[in-house]
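Subject: The structure we talked about

Hi there,

Here is the structure I promised to pass on to you. Have a look around it first, and then read on for what turned up.

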Amino acid sequence: MAQVKMTVNGKAASGEVEGRTLLAHFLRDDLGLTGTHIGCDTSQCGACVVHVNGEAVKACSMLALEAEGAEVSTIEGQANADGSLNVIQQAFQDHHGLQCGFCTPGMVMSTAALLKDNPKPSEAEIRHYLDGNICRCTGYHNIVKAIMAASGQDTGQIAAE
Amino acid sequence: MPKDGGIGASSKRREDVRFLTGAGNYTDDINIRGQAHVFFLRSDVAHGTLNNVDTSEAEGMPGVVRIFTGADFEAVGSIPCGWQVTDRHGDPMQEPRHPVLAHGKVRHVGEPIAAVVAETLGQARDAAEAIVVEIDELPAVIDMKEAVKDGAPKVHDDLTSNLCYDWGFVEENKDAVNKAFDDAAHVTTLELVNNRLVANPMEPRVAVGDYSRSDDQHTLYTTSQNPHVIRLLMGAFVLGIPEHKLRVVAPDVGGGFGTKIFHYQEEAFCTFAAKACNRPVKWTSSRSEAFISDAHGRDHVTKIELALDGDNNFTAIRTDTYANMGAYLSTFAPSVPTWLHGTLMAGNYKTPLIYVNVKAVFTNTVPVDAYRGAGRPEATYQLERLVDKAAHELGVDPMELRRQNFITEFPYATPVAVEYDTGDYNATLDKLIEISDKAGFEARRKESEAKGKLRGFGMNCYIEACGIAPSNLVGQLGARAGLYESATVRVNATGGLVVMTGSHSHGQGHETTFSQVVAEMIGIDESMVDIVHGDTAKVPMGMGTYGSRSIAVGGSAMVRATEKIIAKAKKIASHLLEASESDIELKDGAFSVAGTDKSVAWGDVTLAAYVPHNYPLEDIEPGLEETAFYDPSNFTYPSGAYACEVELDPDTGHVTIERFAAADDFGNVINPMIVTGQVHGGLAQGIGQALMENCAYDSDGQLLSASYMDYAMPRASDLPFYSVDHSCQTPCTHNPLGVKGCGEAGAIGSPPAVVNAVLDAMRSGGKDVGHIDMPVTPARVWAAMHGAEANAARVGAVGSNAKPQPE
Ligand code: FES
Ligand code: FES
């Protein structure tokens with residue numbers, strides 16, 4: 001067991017972990033941040049996406065010890081300071097971009113990373129970027145639409161609700 | 001004008017806020033003080049004699065609490081099957097025992113052999129590696145037709161063969177059907193495979209067992225679509241725990257699609273082990289485990305024939321299907337290829353004579369059960385591929401051949417024992433022609449051809465049957481459960497209310513939709529209504545959510561309970577207003593006396609019910625809480641027409657979905673936004689089946705597609721924006737909301753449209769191949785177009801199950 005320290009959603013966090021403990025498990029089991037989900041064991045589903053030092057990372061593909069000293073943000077830290085939904089979260093609700101909600105934290109975190117680098121992505125760029133985020137419920141239509149809306153693009157031409 | 005609340009409004013989903021902020025409460029988020037973790041050691045061979053399981057070394061490993069093997073479960077019941085099918089000869093199906101942990105034999109890769117309970121999951125896994133398992137491998141049976149041959153290795157030694165049942169439907173029609181084929185002017189024949197799939201909800205299954213010595217209460221937290229059904233099956237048939245001593249909780253459920261209906265060994269194990277170890281026991285499936293332990297779906301091999309007269313009227317249909325059951329009978333497995341499949345074989349057409357034969361077969365594979373649509377996608381796929389093939393053989397327009405044979409008068413009794421109450425198949429087909437922009441197809445085809453691509457248009461119709469019922473009928477058909485639903489409406493003194501429904505949501509947004517209905521009935525704001533589901537301690541009884549039954553059956557129970565509430569509230573209001581009960585009207589949350597300006601608010605009536613100072617105590621009891629059970633008199637029959645446009649690269653065989661249009665008739669719609677979302681999700685799963693998903697075993701019974709590296713899950717870049725419409729509405733005539741259900745339609749209706757479109761594209765390139773099996777991977781398409789020989793070299797290089805390469 002080893003000591004690990006990091007900043008999570010702006011607060012200092014620490015714990016004792018085994019060398020093999022994944023960041024996803026540390027967040028969920030040690031810090032109780034269960035919004036980061038685990039949907040696979042081959043690093044493909046994206047349910048576990050968090051930001052580490054500002055970059056989107058699959059928390060199942062990183063050891064907790066590798067995040068030593070890092071700034072980590074998770075879905076629990078995304079809402080506005082007053083607790084209201086941020087622009088991306090609100091767009092997902094407005095456009096019904098989630099059903100069971102299991103992929104949703106990863107989708108929101110990936111979207112935030114995408115829009116940081118590409119503030120107005122095209123439909124094709126969004127679909128390509130989401131290659132590492134699997135959703136089994138929505139058929140992606142409303143996720144893509146929500147991301148276009150969150151980036152201030154007109155979604156009026158996209159087939160009706 | 002879109003409404004901004006109540007029935008017909010696209011109310012935003014109230015559940016979204018918790019899911020979007022990480023505050024959802026899924027089963028894996030539940031951790032109980034003192035819990036231990038279980039790791040299942042699973043068979044890595046498909047078939048073998050289990051000689052010895054030596055746990056002696058593992059017992060002494062760090063953190064191990066206890067190790068269980070099959071011997072620990074000898075006194076425990078078998079995992080039960082919930083449906084008994086009777087075969088063509090009147091005999092019951094063959095039903096093998098299904099142990100919690102393997103005993104004597106292993107019968108599929110993934111079958112649990114031993115379970116290690118330890119302080120941490122890591123310790124449990126480490127100890128499992130020290131267990132020595134001695135298995136004498138036996139030849140495995142994987143192919144269904146091989147499995148039913150004389151002398152095939154038997155999956156279950158105590159059964160007479162690998163044939164579970166040989167079902168004929170309707171057996172009495174068989175001779176008449178054969179004669180119609182003898183007399184036919186044209187017969188179209190098609191042999192096809194409905195590919196095996198894995199449901200893959202993004203949340204893997206989880207079970208947490210807990211036991212309280214102080215009051216002898218068991219609790220199971222589980223990822224289930226129907227916690228009450230699990231309570232009954234596990235309590236009564238496996239562990240012998242009476243229902244009042246067993247609570248089953250399914251909190252937020254991260255998708256199900258059928259695969260979380262069934263009662264699984266891991267649930268029984270965690271409940272059993274919590275008492276045996278005297279501490280909570282938790283199991284979380286990994287994705288790799290899910291592939292070899294979640295029930296799979298589909299896997300039918302079918303020959304279907306259509307007889308037509310000289311005027312192209314359908315005169316008879318005959319089918320011959322082999323349906324894979326896997327190694328054991330999962331909860332509803334026997335009903336899927338029979339009553340959920342044979343009864344749908346009329347589709348949208350007035351074919352007077354139909355005979356369906358289904359042979360259900362045991363193989364050394366994971367059990368197969370219901371997956372989104374369950375039986376109905378298989379029926380729709382064969383029928384709609386067959387009709388398309390017939391149209392091309394006869395040289396007529398596939399749409400017009402369908403139209404000519406449509407059922408147009410309702411109610412309509414099919415020759416396969418069901419009666420459609422309503423529908424308008426011409427209306428949905430006309431709507432499809434409009435929203436798919438069929439008129440613009442030729443121009444789009446020219447654009448594709450200018451790029452060196454082929455373009456195809458394919459369509460199909462579908463009919464679904466939702467809310468399987470009534471209970472007394474399904475009992476005769478072999479169901480070992482009732483198929484009603486219950487709801488309790490509890491009104492509080494200050495006017496807010498809670499609906500406790502036996503339906504459960506695994507992404508469908510019931511908290512929103514169900515609130516809309518009750519709020520509209522009473523005329524109060526949706527925020528005054530809360531929905532409680534998924535907990536047997538809170539909801540009196542429930543059959544859960546599957547088969548698109550929630551609004552049609554659960555919603556109807558809720559309406560009936562709310563009607564009882566309103567009736568009692570009117571009595572109270574008539575007392576408060578000193579008027580006759582028959583003159584009381586409820587509108588916009590207030591009770592008034594007809595023709596006067598006298599009224600009393602909803603909140604005053606509810607307060608009077610609990611503070612009965614001025615109250616007709618001699619006539620009615622205080623309080624305002626009502627329960628209703630609703631047992632439907634018939635199924636509901638959503639229907640529709642779907643169209644797909646594909647582009648095909650003749651050099652690589654790669655197919656892309658360019659457009660997809662769905663025109664559905666779901667009867668009345670409560671929340672159009674949610675209904676559209678359900679169709680989108682269904683379409684993605686149906687297109688996924690047609691284009692890329694495939695669950696493949698090798699001949700030794702090893703699962704080749706056992707992770708997201710090998711099982712092609714549809715990604716955002718594989719799918720287009722869909723064009724979805726549900727403005728054609730013929731309300732259901734036998735439930736109070738006039739609703740039909742929408743959850744499975746997309747998955748039922750889309751695969752044939754995709755395959756029909758791919759074949760159309762090939763035809764436009766001069767290749768009429770007649771049929772191609774799903775999934776239409778580049779390798780298969782290329783082989784179909786260029787000949788099998790040329791393909792052999794190519795497949796050898798890239799693998800036939802590979803995900804299509806992105807461009
Ligand atoms: S859990 Fe991290 S990618 Fe699936
Ligand atoms: S909303 Fe269920 S997996 Fe995406």
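Predicted model: local features only at pLDDT ≥ 70, side-chain atom pairs only at ≥ 80, totals over all residues.

**Where the two chains meet**

The size of an interface is often given as the accessible area lost when the parts come together. Here, about 4400 Å² is buried between chain A and chain B, and carbon and sulfur atoms give 56% of that area. Chain A brings 49 residues to the contact, and chain B brings 56 residues.

How many salt bridges are found across the interface of chain A and chain B? The rule finds five there, while the count over all chains comes to 54. One pair to look up is Asp28(B) with Arg28(A), whose closest N and O atoms are 3.1 Å apart. This pair crosses between chains: Asp28(B) sits in the loop between helix H1 (16-20) and strand E1 (36-42) of chain B, and Arg28(A) belongs to helix H1 (residues 23-30) of chain A. Another salt bridge joins the side chains of Arg136(A) and Glu693(B), at 2.8 Å from N to O.

**Helices that pack together**

Two packed helices are described by the angle between their axes and the distance between the axes. On the H9(B) side, the residues in contact are Glu384(B), Val387(B), Asp388(B), Ala390(B), Ala391(B) and His392(B), and they meet Pro398(B), Leu401(B) and Arg402(B) of H10(B). By class, this contact has five nonpolar, one polar and three charged residues.

H9(B) also packs against helix H18 (residues 745-764) of chain B, at an angle of about 30° and with the axes 8 Å apart. That makes H9(B) roughly parallel to H18(B). The crossing of H9(B) and H18(B) is right-handed. Residues in this contact include Tyr381(B) and Arg385(B) of H9(B), and Pro751(B) and Leu759(B) of H18(B). The contact of H9(B) with H18(B) divides into eight nonpolar, three polar and five charged residues.

Met107(A), Thr111(A), Leu114(A) and Leu115(A) of H3(A) make the contact with Ile143(A), Ile147(A) and Ala150(A) of H5(A). The contact of H3(A) with H5(A) has six nonpolar, one polar and no charged residues.

**Some backbone details**

Most residues other than glycine have a negative phi, and most peptide bonds are trans. Which peptide bond ending at a proline is cis in chain B? The bond from Phe410(B) to Pro411(B) is cis, with omega near -5°, and Pro411(B) lies in the loop between H10 and strand E18 (412-413) of chain B. The bond from Phe169(B) to Val170(B) is cis too, with omega near -5°; Val170(B) is in the loop between strand E7 (163-169) and helix H5 (174-183) of chain B. Finally, Ala417(B) is not a glycine, yet its phi is positive, at about 75°. Look for Ala417(B) in the loop between E18 and strand E19 (419-420) of chain B.

Enjoy exploring!

Methods. Residues numbered from 1 in each chain as written. Chains lettered and ligands numbered in written order. Heavy atoms only, no water. Contact = heavy atoms within 4.5 Å. Helix = DSSP H or I, 4+ residues; strand = E, 2+ residues; numbered from the N terminus. Nonpolar A, V, L, I, M, F, W, Y, C, P; charged D, E, K, R; others polar. Buried area = accessible area lost by both parts, 1.4 Å probe. Salt bridge = Lys/Arg side-chain N within 4 Å of Asp/Glu carboxyl O. Axes fitted to C-alpha atoms, helices over the stretch in contact; angles between N-to-C directions. Parallel < 35°, antiparallel > 145°, perpendicular 65-115°, else oblique. Left-handed = near helix turned anticlockwise from the far one by under 90°.
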